[in-house]
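Subject: Structure handover

Hi,

Here is the structure I promised to pass on. Have a look at it first, and my notes come after.

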Amino acid sequence: SQHQRHALYNHQNEFETHNGMLDLIAWDAWQLRLDSLSDDIVEMAAMLKTVADRRRPWQGGALSRVNELLQSMWPLAKLNIYGSFESGLAIPPSDIDVVVTGVPSYSRLLPQYKSGSLSSSSSS
């Protein structure tokens, strides 16, 4: 990868002997470390994907319920998902980023609250 080439280029002087020749044993050792790191990253990504795939149905169910509630309150509202969940890059502790659009502005709702036609969520 480009990152690996950049790292190798930056460390190439470490592999030169006193006569300017390339120390192939040191170079091979460096390559083995890079390969091992690459394997570890691939293994971790696979593990995280497995966990994320198991959680996705539950998260999808929660998003569906939130959307149902949203639609019952404001039929023109839209639940927009963004961030790592939407892009598929979420890790197990990731949250789900959402923004709601199409909700009436507070100033338009205020007269309804004052007249008592809408109940406040804080009153029981």
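Below is what turned up, starting with how to read the values.

This is a predicted model, so local features need pLDDT of at least 70 and side-chain atom pairs count only at pLDDT 80 or more, while totals for chains, interfaces and linings use all residues. Residues are numbered from 1 along each chain as its sequence is written, and side-chain values use heavy atoms, with hydrogens and water left out.

Let's begin with helix H2, which covers residues 24–73, 50 residues in total. (Helices are DSSP runs of H or I with at least four residues, strands are runs of E with at least two, and both are numbered from the N terminus.) From first C-alpha to last, H2 reaches 69 Å, close to the 74 Å expected at 1.5 Å a residue; the expected span is 1.5 Å times one less than the number of residues. There is a kink of about 35° at Arg56, shortly before Pro57, where the bend is the angle between axes fitted to the seven residues ending there and the seven starting there.

Arg56 also lies over the face of Phe85, 4.1 Å from the ring centre. (That label requires NZ of Lys or CZ of Arg within 6 Å of the ring centre and within 35 degrees of the ring normal.)

Several H2 residues are buried, among them Trp27, Trp30, Ala52 and Leu70. Buried means under 20% relative accessible area, exposed means over 50%, and partly exposed is in between, using a 1.4 Å probe and protein chains only.

Now the charges: the structure holds two salt bridges, each a side-chain nitrogen of Lys or Arg within 4 Å of a carboxyl oxygen of Asp or Glu.

- Asp53 pairs with Lys49, with the closest N and O atoms 2.7 Å apart. They are separated by about one helical turn because they sit four residues apart in H2. Asp53 is partly exposed at 41% relative accessibility, and Lys49 is exposed at 51%.
- Arg65 meets Glu68 at 3.3 Å, N to O. These two are three residues apart in H2, so about one helical turn separates them. Arg65 is partly exposed at 46%, as is Glu68 at 47%.

Finally, what does Lys78 touch? Leaving out residues up to four places away in sequence, its contacts are Leu70, Gln71, Val99, Val100 and Thr101, contact meaning heavy atoms within 4.5 Å. Lys78 belongs to strand S1, residues 78–82, and its C-alpha is 5.2 Å from that of Thr101, 23 residues apart along the chain.

Cheers
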